[in-house]
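Dear colleague,

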Amino acid sequence: MKGSEAASRAPLELHAASEQKSAGKTSVVPADFLFRSLTAFFAFVVAATLVAIMGSLVLEGWPALRTFGWKFLITSTWDPVSNDFGALVFIVGTLVSSLIAMLIAVPVSFGIALFISELSPSWLRGPVSAVIELLAAIPSIIYGMWGLLVFAPWFAQIEPWMNDHLGALPGIGVLFQGPPMGIGMLTAGIVLAIMVIPFIASIMRDVFMITPATLKESAYALGSTTWEVARYVILPYTRTAVTGGIFLGLGRALGETMAVTFIIGNANNLSASLLMPGSSIASVIANEFTEATTHLYKSSLLALGLILFVITFIVLVFAKLMLLRLDNSLEGKKA
Amino acid sequence: MILNRQLFAKAAAVLAVTGAVGLAATANAAVSLTGAGSTWVYPLVAKWSAQYVKDTGIQINYKSIGSGGGIAQIKAGTVAFGASDMPLTPEELAKAGLIQFPTAIAGEDLVYNLPGIKPGELILSGPLVADVYLGKVKKWNDPAIAKLNPGVKLPSMAITVVHRSDGSGTTFTFADYLSKVSPEWKSKVGANTSLNWPVGVGGKGNEGVAAFVQRIPGSIGYVEYAYILENKLAYARMINRDGKVVSPSLKGFQNAAAHVDFTKAKDFYVILTGQPGPGTWPISGCTWQILRKAAPKATNEQVTKFFDWGFEKGQSMAESIAFGPLPPSTVKAIKAYWKTNLGI
C-alpha cells in the first residue's frame with residue numbers, strides 16, 4: 001500500500017520539485033486522491049461491466065434453461081420449427097475445433113519461437129517476427145474468406161488422400177472418413193490454428209528472449225544440445241508465461257466467430273468424422289440471432305452465449321490453477 | 001470505505017446517464033422515418049428510397065437486420081415499419097396491435113454444380129427436392145432424378161446438399177414449399193426461417209450458398225432469383241402444380257401472386273408457394289411490411305405514402321432488380337386495408 005502510494009506520488013513530486021521546492025506537500029494530496037479515485041473508478045467500471053454482461057446473459061437465457069433444464073447441455077436437437085433446443089452439438093463443435101487448433105498451433109508456435117530466439121541468424125529475426133505479428137493483425141473475416149475461397153477448395157483435394165490413408169487406420173480412422181468437401185470441423189480447426197499461432201508464438205518468443213543468457217550459456221558449456229537447452233533450461237524458466245500464451249490462444253479459438261462460420265459447414269448434427277460439417281456456439285449465434293423470432297428461441301441462443309462465457313471462464317480458472325501448481329512445485333523444489 | 005461509497009455513487013450516476021441516453025434514442029427513432037427487418041427486401045427499399053428522397057425530400061432509413069429483428073423492433077415501437085419475409089398470423093397481429101401488407105413479389109430456385117450439365121438443363125420436382133433435402137435421394141443418377149431428365153447424362157456422384165446457415169426468409173419460403181408438396185417434410189422438418197436440417201452444409205447468405213455450390217462438385221443449393229441472374233448460376237427448371245415444366249421468371253412469380261386472392265385473405269395472410277396455374281413458378285415469395293396501429297398517425301401516413309409511391313412509380317425499378325410488382329387488384333386492396341385499419 002505504502003509502496004504504491006509513493007509510486008503514484010513520485011511524478012507529482014518531481015514536477016513540483018522542478019518548479020519550486022517551496023511548493024508545499026498539501027497541494028499534492030487532492031491531486032493524488034483524485035488520480036487514485038479515477039483509476040479505481042476505471043477498474044470498477046470494467047468489473048461492473050463483466051458482472052452486468054454475465055447477469056444479462058443469465059437473465060435472458062433463463063427461460064431456455066428453465067424450460068429445458070440440465071438436458072439443454074446434453075441434448076443434440078436444435079429445432080427452431082418445434083421450439084426444441086439443446087446445446088450439445090455446439091458445445092462439442094466449439095471444443096473439438098479449438099482442440100484441433102491447439103494441437104496444431106502449440107508445437108508450431110514453439111518451433112517458431114525457438115527458431116527466432118535461438119537458431120535464426122540475427123538479421124532474419126526482425127523480418128520473421130514482423131511477419132508473424134502481421135498475421136495477428138489480419139481481421140478474422142479475412143481468414144474466413146480466405147478459408148472458404150482458397151483453403152477449402154485446396155483442402156478438398158487433399159481429403160480423398162486422407163480418406164484412403166488416414167481413414168484406413170484402426171481406431172482414429174473414423175475421424176478421417178467423409179465426403180471431400182473441403183469444409184468442416186478439421187478445416188475450421190486448421191484455420192483457427194493459423195489464427196492463434198501469432199498470439200502464442202509472439203508470447204513464447206518474447207519470454208524465450210528474456211531467458212538469462214547466463215543460464216543458457218552454462219548449459220551449453222556443459223555440453224547440452226540446443227534441444228536440451230530448450231527442453232531443460234528455457235521451457236522450465238518460462239513455463240508460466242508459455243502456459244499463459246497457450247491459454248490466451250485457446251481463449252481466442254473458443255470465441256472466434258466469423259472465420260469459423262465461413263468454414264465449419266454449419267450443420268447442426270453430431271458426427272464422428274472431422275471431415276463432416278459441424279457448428280460452434282459462436283457460429284450458431286452469429287447465424288441465427290437475427291431471425292430468432294420466438295422468445296424461447298432467442299433465449300436459447302443467449303443461453304448458448306452464457307455457456308460459451310462459462311467455458312471461457314473455466315479455461316481461465318484452469319490456467320490460473322495450473323500456474324499456481326507449477327509455482328508451488330517450483331518453490332517446493334527450491335526448498 | 002468513503003472511497004467505495006463515492007465510487008458507488010459515481011457508478012450509479014453513470015448508469016442513470018446511460019439509461020437516459022438509451023431512452024432518448026428510442027424516442028428519437030420513433031419520430032423519424034426508419035424501417036428495419038428483412039434482408040431480402042433491402043435492395044428494393046434501398047432503390048425506392050434513393051429515388052423517393054429526390055422526389056419528395058423525405059429520407060427513409062432502412063436497416064436490414066433480418067425479419068426477426070424487424071418484427072421485434074416494430075413491436076417495441078422503435079421503428080416506423082418492420083419488414084418480414086414470413087407473414088404474421090392475423091391472431092398475432094391483433095394481439096400486438098399490428099397490421100401488415102405485401103410489398104413486392106420475388107422467387108428463388110435451386111442451383112447445382114454438375115459437370116457437363118448446362119443452366120436450365122436439369123428438371124426437378126417439389127417432392128424430389130424434398131427427398132434430396134431429407135437425405136433420401138443420395139446420388140445424382142438416382143432413378144427418381146433420371147425419370148424427370150431423360151436424355152441428360154447424370155453422373156454417379158454423391159449429392160451434397162447446401163442450405164442457408166443464417167435464419168432467412170429465403171429458407172422459410174423454400175421450406176414452406178417443401179411442406180406443401182411433401183407430407184414427410186412437413187412432419188419431420190416443417191417451415192421456419194431456420195430449420196433442423198436433416199442433412200447438408202450451411203452457407204451464410206445467398207453468397208455463402210452460391211460459394212459452396214460453385215466449389216463442391218455434385219452439390220445443390222437454393223438461392224434468390226436475383227442472385228442467380230447476377231452470378232449466372234446453373235439453375236434448375238421446376239415442375240409446377242399443374243405439371244408443367246417452368247423456368248424461373250418475374251412473370252412466373254407474378255402468376256403465383258395472381259392466383260392467390262390477396263383481396264380475400266385476412267391481413268393478406270397468404271403464402272405464394274406452390275400455387276396453381278400453367279405458367280406459375282412454384283417457389284415464389286413475398287415480403288410484408290408491418291405497421292403499428294398505435295403509432296402516431298403522421299408517422300403511419302408517411303410510411304404508407306412511401307409504399308404507395310413505390311407501388312405507383314417504383315415498378316420498373318423493382319423489375320430491374322428482379323422483384324415483381326404487385327397486381328393492381330392487390331394494390332387496391334392494400335389501400336382499402338389502410339383506410340379501415342389506420343384511417344389513412
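In which helix of chain A is the place of Ser202(A)? Ser202(A) sits in helix α7 of chain A, where helices (H or I, at least four residues) and strands (E, at least two) are DSSP runs numbered from the N terminus.

Before going further, a word on the basis of these notes: this is a predicted model, in which local features need pLDDT of at least 70 and side-chain atom pairs count only at pLDDT 80 or more, while totals for chains, interfaces and linings use all residues. Residues are numbered from 1 along each chain as its sequence is written, chains are lettered from A and ligands numbered from 1 in the order in which they are written, and side-chain values use heavy atoms, with hydrogens and water left out.

To return to the serine, Ser202(A) counts as buried because its relative accessibility is 16%; buried means under 20% relative accessible area, exposed over 50%, and partly exposed in between, with a 1.4 Å probe and protein chains only. The side chain of Ser202(A) reaches the backbone oxygen of Phe199(A) at 3.5 Å. If residues up to four places away in sequence are not counted, Ser202(A) touches Glu133(A) and Ile197(A), contact being taken as heavy atoms within 4.5 Å.

As general background, nonpolar side chains tend to be buried together in soluble globular proteins.

Taking the chains in turn, chain A has 12 helices and 2 strands, which follow the pattern α-α-α-β-β-α-α-α-α-α-α-α-α-α when read along the sequence. Of the 335 residues of chain A, 40% count as buried, and among its contacts between residues at least 6 apart in sequence, 72% join residues at least 24 apart. Chain B comes to 14 helices and 11 strands, and its C-alpha trace spans about 80 × 60 × 40 Å along its principal axes. Buried residues make up 55% of the 344 residues in chain B, and among contacts in chain B between residues at least 6 apart in sequence, 75% join residues at least 24 apart.

As for the interface, 31 residues of chain A are in contact with 37 residues of chain B. Chain A and chain B bury about 2700 Å² between them, 61% of it on carbon and sulfur atoms; buried area is the accessible area (1.4 Å probe) that two parts lose on being put together, summed over both. In chain A, Phe41(A), Val81(A) and Glu291(A) lose the most area to chain B, together 22% of what that side buries. The elements that give two or more residues to the side of chain A that touches chain B are α2 (28-68), β1 (78-79), α6 (140-164), α10 (258-263) and α11 (281-288) of chain A, and α2(A) gives the most to that side, with 5 residues.

Helix α5 of chain B, residues 126-133, is mostly covered, with 6 of its 8 residues buried, among them Leu128(B), Val129(B) and Tyr133(B). After α5(B) comes Gly135(B), whose phi is positive, near 85 degrees. Asp267(B) has a positive phi of about 55 degrees although it is not a glycine, and this residue is found in the loop between α11 (250-259) and β11 (284-292) of chain B. Why does Asp267(B) count as buried? Asp267(B) does so because its relative accessibility is 11%. Phe268(B), in the loop between α11 and β11 of chain B, has a phi near 55 degrees, a positive value in a residue other than glycine, and Phe268(B) counts as buried at 3% relative accessibility.

With best wishes

Note on methods
A polar contact is a pair of N or O atoms within 3.5 Å; within protein, one must be able to donate a hydrogen and the other to accept it, and residues adjacent in sequence count only if both atoms are side-chain atoms.
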